[in-house]
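Please keep the sequence and the model at hand while going through the numbered points.

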Amino acid sequence: PKAIHLKDYAPPPYLIDTVDLTFDLGEEVTRVRSSLQLRANPVRLPDGAPVPLVLDGQELKLVSLAIDGRTLEPAEYAIGPESLTIFDPPAAFALEVETELKPQENTSLEGLYRTSGNFCTQCEAEGFRKITYFLDRPDVMARYRTTITADALKYPVLLSNGNLVAASKMGHDGRHTVTWEDPFAKPCYLFALVAGVLVHVEDSYVTRSGRTVTLRIYVEPGNQDKCDHAMRSLKKSMAWDENVYGLEYDLDIFMIVAVGDFNMGAMENKGLNVFNTKYILARPESATDTDFLGVEAVVAHEYFHNWTGNRVTCRDWFQLSLKEGLTVFRDQEFSSDLNSRPVKRIADVQRLRAAQFPEDSGPMAHPIRPDSYIEINNFYTTTVYEKGAEVVRMIHTLLGAEGYRKGIDLYFERHDGQAVTCDDFVAAMEDATGKDLSQFRRWYSQAGTPELDISGEYDGHGRTYRLTVRQSCPPSPGQPVKQPYHIPLALGLLDPQGADIPLRLKTEDVPKGTSRVLDVTEAEQVFEFADVPAPPVPSLLRGFSAPVKLRMSYTDDDLTFLMANDSDAFNRWEAGQTLGTRLLLGLVEDRAAGRPLELSRGFLDALDKILNDPALDHAFAAQALTLPSEGYLGQQMPVIDVDGIHEVRGFARKAIAAHLRDDLLSTYRALGGNEPFAIDAAIGRRSLKNLALGYLMSLEDAEAVELCVGQFHNAHAMTDVIAALGLLNDTHLPQRDAALARFYETWKNEPLVVDKWFSIQAMSERPETLAEVRSLLNHPAFEIRNPNKVYALIGGFAGGNAVRFHDSSGAGYEFLADQVLTLNGLNPQVASRMVKLFARWRKYDDRRQAFMRAQLERIVGAPNLSPDVFEIASKSLQ
Ligand code: B3K
Ligand code: ZN
């Protein structure tokens with residue numbers, strides 16, 4: 001397989017104006033007839049059409065081929081393994097292609113495939129070429145008309161994009177036919193078709209210009225009662241996009257279909273979103289608070305794509321972040337507006353640090369607009385998505401809400417109906433506001449996480465405070481040297497009482513607020529503040545104003561001071577994490593040196609204060625009382641000490657629990673009421689309550705166990721049941737196996753809950769976990785063809801259980817490689833997600849490195865490797 005480069009982009013030689021598709025769905029064979037209206041692209045071929053037309057196609061059987069009604073002679077075209085070439089087409093013509101496919105044999109879940117007996121499609125990024133020969137690239141936008149014929153009893157529901165324009169009754173042959181028409185030109189990756197036995201819930205939404213839109217969520221029979229939350233989320237998204245972005249929905253109907261077999265979260269096909277059931281179905285008894293928030297965010301994300309992705313799409317796949325970064329930023333802001341802003345920001349930053357920072361410092365590091373790829377499906381990464389969202393957020397910060405909105409308005413005014421680039425987006429932001437973003441554009445082209453080194457110096461005589469800011473960025477594959485970034489640095493200065501000081505730079509006449517954004521643009525820069533009455537404690541990078549690593553020589557006392565006083569909630573949390581990280585890493589060293597472990601008294605007292613602060617939001621308190629994760633601690637070490645981190649973090653949890661036991665118990669009791677479920681402040685109460693239970697259970701005393709077992713048996717909300725089960729799961733108590741067995745019995749008919757059961761067991765810290773995971777592969781409920789099951793069991797183990805996956809025997813690595821090779825033949829995208837779990841192998845000790853390298857080499861040397869797995873495994877070894 002070979003790489004494709006951004007620098008080689010050229011516009012398509014032909015354009016397609018209209019697409020008329022007819023699907024004849026069958027059990028053995030599905031026939032697809034495609035009528036395309038094509039013409040030479042005047043940009044490429046001003047004098048007509050002197051070049052061959054090369055259409056993409058994969059795993060297709062060509063049945064017939066005609067131009068303007070005339071069947072082509074074999075000499076007029078050629079079929080390759082991934083293409084169909086027509087040597088000498090006219091300048092404008094109608095092309096008719098008939099192909100056959102076997103969706104029932106398609107285990108890749110890309111193109112047209114079967115799920116629970118139904119038909120379903122997934123075309124992004126390049127799945128449409130598995131349906132018919134086409135110019136499968138996003139800069140070819142066409143209007144679609146889709147006719148579907150199928151057995152009326154097996155497939156009563158037949159859906160595609162746009163509006164239903166015709167439907168027949170069942171004929172003598174037992175089949176029926178429908179036709180859908182999408183009035184908006186779209187790239188083929190937004191095409192969708194669904195057919196099968198589905199029921200729907202329906203609602204409607206009146207847009208602010210007064211149009212009524214029908215809203216439907218289609219699910220398998222029996223799941224109708226789990227769609228309320230998704231439907232409410234959809235309506236909130238529609239209102240939010242009107243209010244915040246001035247964007248209205250544009251068709252008469254918006255449909256969502258939830259399917260059980262889906263490679264990712266969801267897909268924004270025009271007017272017909274297809275979702276993983278995980279992001280639609282939710283009832284309090286069977287879904288956790290996290291699940292509920294996930295449904296809300298993903299429904300919003302896919303809905304928001306209707307403008308940011310569909311109406312304005314990407315010119316080529318290197319521009320993926322144009323739609324994904326922007327749409328993630330939009331869904332993050334939507335959730336912040338609906339729920340607690342600081343709590344949401346903390347969760348998003350945790351996610352960025354847990355997944356994107358490691359990617360950005362490993363062998364797969366790439367800019368949010370990559371320069372090259374082998375398999376584009378490998379680039380739906382946390383860098384393109386989450387770092388991409390941070391980049392849009394920085395534009396928002398630099399321009400202000402009003403300037404940003406002006407930029408967005410101009411972007412749509414200029415580009416509605418077009419396929420454009422990240423640069424077009426930035427240009428609209430510049431042109432609408434006059435702000436120069438030329439240096440800022442480096443965020444699109446450079447990979448790696450920038451580092452800010454900041455030091456402060458107070459001058460009592462001059463009452464000034466000098467902040468020296470240095471930036472750097474480590475090398476990444478193909479980019480040994482980085483140019484300085486344009487970094488928005490939001491900050492404040494706290495006086496000794498903890499109040500914000502008005503901020504006046506020496507060059508200014510009057511202060512500009514008590515929290516402001518500095519433009520950091522040089523490798524080294526000094527900012528001098530005037531009228532600073534006493535040595536301040538700086539609060540830096542407020543709200544995490546840029547996706548960077550910050551180094552500042554705070555004392556432990558500075559950090560406890562910020563934890564207690566910072567007016568910026570994110571930074572209050574951050575100060576606690578910084579202090580916790582420092583202390584835990586110190587303990588890891590102590591352990592390695594054979595010194596006794598002891599947790600600082602000051603830290604315990606600071607946690608005590610948080611736990612007992614009645615004014616604090618519960619959800620925020622729960623986040624502030626959570627120690628930095630094992631993964632995050634590992635990232636701070638030159639060589640990750642897996643066992644040391646695990647043991648020390650466990651030690652610290654016990655020490656905290658012992659110190660705060662009485663307060664944890666009273667917190668648990670105060671919040672522990674089995675209250676009726678609601679998605680509101682109750683989420684915060686549940687997270688603080690379960691945090692308290694977690695600490696108490698680390699002591700494993702009789703009282704804690706009784707509370708935990710009681711909660712498992714009596715709780716109504718799945719959040720509480722799962723929290724208790726997860727805690728029992730790490731123990732060798734007799735109640736553990738009983739609880740797991742009972743949980744399975746209760747939920748065995750709910751696949752999404754069974755996924756939780758798999759993943760909990762996969763993440764147990766017990767030494768026997770790998771053996772249990774192996775035997776769970778043979779459990780009747782496990783299905784390797786179902787991505788959710790793979791992510792739960794195999795992903796849960798290799799991605800969510802560091803201490804067992806990295807067992808020094810290397811057995812965890814061999815297990816993962818076995819699974820990757822099995823999945824490679826079934827579903828390359830899922831296999832590729834699993835092989836990524838090896839990418840950070842160089843961060844471990846020699847013994848583990850050798851084991852992981854051997855498994856990666858075994859994978860690279862395996863026969864029939866998909867480009868997906870090959871790209872990740874081979875780049876990991878480089
Ligand atoms: N755009 C899809 C992701 C498609 C992934 C293709 N491998 C979902 C989303 O980001 O909304
Ligand atoms: Zn998206």
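1. Strands here are DSSP runs (E, at least two residues) and helices are DSSP runs (H or I, at least four residues), numbered from the N terminus; two strands pair if DSSP finds at least two bridges between them.

2. The model is a predicted one, in which local features need pLDDT of at least 70 and side-chain atom pairs count only at pLDDT 80 or more, while totals for chains, interfaces and linings use all residues. Residues are numbered from 1 along each chain as its sequence is written, and chains are lettered from A and ligands numbered from 1 in the order in which they are written.

3. E4 is joined to strand E8 (residues 83-86) by four bridges, and the two run antiparallel. Opposite Val54 stands Thr85 in E8.

4. Strand E12 (residues 142-151) pairs with strand E2 (residues 14-24) in the parallel sense over seven bridges; Phe23 has Ile148 in E12 as its bridge partner. E12 also pairs with strand E15 (residues 175-186), in the antiparallel sense and over nine bridges, where Tyr144 has Asp182 as its bridge partner.

5. The domain assignment, automatic or from a database, lists domain 1 (4-304), domain 2 (313-445), domain 3 (451-546) and domain 4 (569-877). The centres of domain 1 and domain 3, taken over C-alpha atoms, are separated by 50 Å.

6. Which residues surround ligand 1? Among them are Glu124, Met264, His301, His305, Glu324 and Tyr380; a residue is near a molecule if its C-beta atom, placed from the backbone, lies within 6 Å of it. Domain 1 (4-304) and domain 2 (313-445) each contribute at least three residues to this shell. At least two shell residues come from each of strand E20 (266-267) and helix H2 (289-304).

7. An unreviewed UniProt entry annotates residues 230-443 as "domain: Peptidase M1 membrane alanine aminopeptidase"; such annotations may be inferred rather than shown by experiment, with feature names shortened and positions given in the numbering used here. Over residues 230-443 the chain is 56% helix and 9% strand.
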